[in-house]
Amino acid sequence: MMTVDGFPIPIGVSGPENSPVVVVLGAAQQAVAAYDAVCARLHTASLRTVVVGADERLSPKAVLALLDTLGVRWAV
């Protein structure tokens, strides 16, 4: 869980350290854990994943701030 723009957002970060990052923007009504199977396949391909839980208050600027906080300089 991270605080972005003053509200908590569930975040899941996993996979190989120092690998290219794939950002998964969660769908409404889905927990971050709902993406575990997809993330596992991406990890097998040596990719790191950042799953951002859905929240209607989350703006593109807030997502970029979140990635900056995590030290993600670029991602797919």
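View 1. Buried means under 20% relative accessible area, exposed means over 50%, and partly exposed is in between, using a 1.4 Å probe and protein chains only. Because five of the five residues of S5 are buried, the strand is largely enclosed by the rest of the structure. The model is predicted, so local features need pLDDT of at least 70 and side-chain atom pairs count only at pLDDT 80 or more, whereas totals for chains, interfaces and linings use all residues. Residues are numbered from 1 along each chain as its sequence is written, and side-chain values use heavy atoms, with hydrogens and water left out.

**View 2. The whole chain.** The chain has two helices and five strands. Read from the N terminus on, its elements run β-β-β-β-α-β-α. Helices (H or I, at least four residues) and strands (E, at least two) are DSSP runs, numbered from the N terminus. The C-alpha atoms fill a box of roughly 35 × 25 × 15 Å along the principal axes. A compact globule of 76 residues would have a radius of gyration near 11 Å, and the chain has 12 Å, which agrees. This radius is taken over C-alpha atoms, and the globule rule is 2.2 Å times the number of residues to the power 0.38. Of the 76 residues, 36% count as buried. Among contacts with a separation of 6 or more, 73% are between residues 24 or more positions apart; a contact means heavy atoms within 4.5 Å.

**View 3. The open sheet.** Three strands form an open sheet in the order S3-S5-S4, with mixed pairing. Its edge strands are S3 (11-14) and S4 (21-25), each of which pairs on one side only. From one strand to the next, the twist averages 10 degrees. Two strands pair if DSSP finds at least two bridges between them. S3 and S5 (residues 48-52) run antiparallel and are joined by four bridges. Within this pairing, Val52 of S5 is the bridge partner of Ile11, and Gly12 stands opposite Val51. S4 and S5 run parallel and are joined by five bridges. Here Leu25 stands opposite Val52.

**View 4. Two helices against the sheet.** Helix H1 (residues 36-44) lies across S3, S4 and S5, and runs at about 155 degrees to S5. Helix H2 (residues 60-70) packs on the sheet and touches S3, S4 and S5, with its direction at about 140 degrees to that of S5. For such angles, axes are lines fitted to C-alpha atoms, for helices over the stretch in contact, and the values run from 0 to 180 degrees between N-to-C directions.

**View 5. Around Val23.** Val23 has its place in strand S4. Leaving out residues up to four places away in sequence, Val23 touches Val50, Val52, Leu67, Ala75 and Val76. Val23 and Thr49 are 26 residues apart in sequence, yet their C-alpha atoms are 5.9 Å apart in space.

**View 6. Around Ala54.** The loop between S5 and H2 holds Ala54. This residue is partly exposed, with a relative accessible area of 34%. Not counting residues up to four places away in sequence, Ala54 touches Gly26, Ala27 and Ala28. The C-alpha atoms of Ala54 and Thr69 are separated by 18 Å, and the two residues are 15 apart along the chain.

**View 7. Two loop residues with a positive phi.** Most residues other than glycine have a negative phi. Asp5, which is not a glycine, has a positive phi of about 55 degrees. Asp5 is in the loop between strand S1 (2-4) and strand S2 (7-9), and is exposed at a relative accessible area of 58%. Gln29, also not a glycine, has a positive phi of about 70 degrees. Gln29 is found in the loop between S4 and H1, and counts as exposed at 78% relative accessibility.

**View 8. A charge over a ring.** Arg57 lies over the face of Phe7, at 4.1 Å from the ring centre. A charge sits over a ring if NZ of Lys or CZ of Arg is within 6 Å of the ring centre and within 35 degrees of the ring normal.
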